[in-house]
Amino acid sequence: MTTAIERTLRRATGELDSTTRPDISDAASAAGLIDVAYATHESPLGELLLAATPRGLVRLAYIDSGPEATIEELARVLSPRVLRVPDKLDRVRRELEQYFAGSRDQFDVQLDWTLTRGFGRRVLQATARIPYGSVSTYAQVAAAAGSPRGSRAAGNALGANPLPIIVPCHRVLRSGGALGGYTGGLDRKRTLLAVESPQRPLV
Amino acid sequence: MELPPFQALLDEHGAHVHRFLIATVGRLEADDCYQETWLAALRGYRRLKEDSNLRGWLFTIAHRKAIDHLRARARRPVPMAETSEPPSSGAYASGAALDGQAEIWSRVRALPPKQRTALAMRYVADASYAEISTAMGTSEEAARRNVHEGLNRLRKEWQP
């Protein structure tokens with residue numbers, strides 16, 4: 001049974017409203033309590049999710065169907081202490097803007113490779129060394145990672161790249177020059193290659 | 001079930017926790033209490049069992065932080081005006097005094113701490129008696145009694 005006073009209490013909770021709530025991220029960060037900080041970022045390739053640990057940028061994801069799945073994955077795989085802290089991603093966001101504007105040819109942010117392992121990590125680290133504006137092949141990055149016949153495995157590792165754009169898996173093509181695959185879809189791969197080399201005719 | 005990203009907790013329960021703290025410690029101290037509550041929650045989060053009642057756990061922490069603030073206030077040589085002043089003045093009353101049912105929550109704040117906390121959990125956060133008893137470390141029966149005694153007292157004192 002609900003009494004008049006109970007109804008009044010419920011109706012009057014607006015008395016307790018506040019236009020602002022404190023932002024806990026500064027204090028949480030100062031106390032070292034944030035394991036994963038994330039932000040979303042609007043780019044020419046659509047909305048991106050960016051996430052960093054204290055060690056560096058750990059994830060960049062295309063989030064066509066919203067950020068939730070990726071954020072949950074980070075909580076599961078890295079730590080549930082995941083908070084939205086846009087400030088922590090300011091630097092990489094600025095670098096991405098410069099990159100898409102054509103005024104930056106390499107990223108200077110620290111990377112955290114935690115989400116990669118073994119051969120996959122070696123493939124991605126070899127990929128990270130392909131210079132801006134040039135391309136390589138699956139066979140070449142497999143060889144650089146220590147497995148000359150591992151081009152299929154290299155393709156899988158690149159498909160699972162946790163840091164696309166920053167670790168430029170879009171610069172890896174098939175041996176004949178065909179585009180191959182791309183995590184975010186081939187249109188994005190074409191766009192990225194075009195950003196880096198406006199004159200190159202694309203397959 | 002795995003622990004959700006902490007941000008999801010903050011998004012889902014932040015407003016309720018803040019209102020709860022405004023109801024229990026008042027507007028002036030609610031922000032500090034809120035910050036302390038969430039930092040303590042972050043500190044303990046990784047050790048939390050996956051099947052915990054997250055809302056109950058958060059309100060347990062918020063309740064403790066509120067109690068700490070109320071105790072600290074009681075120890076201060078000059079009590080904060082907010083608890084003793086009539087509800088039509090003080091930092092709290094400004095906007096709420098203008099509408100018809102203003103100030104019932106400032107009456108709640110003048111109740112004994114247990115009744116105040118129980119009422120705030122029940123009517124701000126829609127908590128069950130079980131959740132209230134968990135947060136306050138009492139039996140469910142005591143939680144029920146705190147709510148009812150609080151309601152009775154309000155009924156006697158409060159005229160719209």
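## Sheet of chain A

In chain A, four strands form an open sheet in the order β3-β2-β1-β4, with mixed pairing; two strands pair if DSSP finds at least two bridges between them. The model is predicted: local features need pLDDT of at least 70, side-chain atom pairs count only at pLDDT 80 or more, and totals for chains, interfaces and linings use all residues. Residues are numbered from 1 along each chain as its sequence is written, chains are lettered from A in the order in which they are written, and side-chain values use heavy atoms, without hydrogens and water.

The edges of the sheet are β3 (56–62) and β4 (82–84) of chain A, each with a single partner strand, so one side of each has no neighbour in the sheet. Direction ignored, neighbouring strands are turned by 30° against each other on average. Strand β1 (residues 36–43) of chain A pairs with β4(A) in the parallel sense over three bridges. Tyr38(A) is opposite Arg84(A) in β4(A). Helix α1 (residues 6–25) of chain B packs on this sheet and touches β1 and β4 of chain A, its direction making about 55° with that of β4(A). Helices (H or I, at least four residues) and strands (E, at least two) are DSSP runs, numbered from the N terminus.

## Interface of chains A and B

Contact (heavy atoms within 4.5 Å) links 43 residues of chain B with 34 residues of chain A. The buried area between the two chains is about 3,500 Å², with 63% from carbon and sulfur atoms; this is the accessible area (1.4 Å probe) that two parts lose on being put together, summed over both. Gln7(B), Leu42(B) and Tyr123(B) supply 18% of the area that chain B buries against chain A, more than any other three residues.

Four salt bridges are found across the interface, each a side-chain nitrogen of Lys or Arg within 4 Å of a carboxyl oxygen of Asp or Glu. Asp35(A) and Arg46(B) meet through their side chains in a salt bridge (3.2 Å, N to O).

## Helix packing

In chain B, helix α6 (residues 113–124) packs against helix α8 (residues 140–157) at about 95°, with axes 8 Å apart. Axes are lines fitted to C-alpha atoms, for helices over the stretch in contact, and angles run from 0 to 180 degrees between N-to-C directions. The two helices, α6(B) and α8(B), are therefore roughly perpendicular (65 to 115 degrees).

In chain A, helix α5 (residues 118–127) and helix α7 (residues 151–159) pack at about 80°, with axes 9 Å apart.

Notes
Angles under 35 degrees count as roughly parallel, over 145 as roughly antiparallel, 65 to 115 as roughly perpendicular and the rest as oblique.
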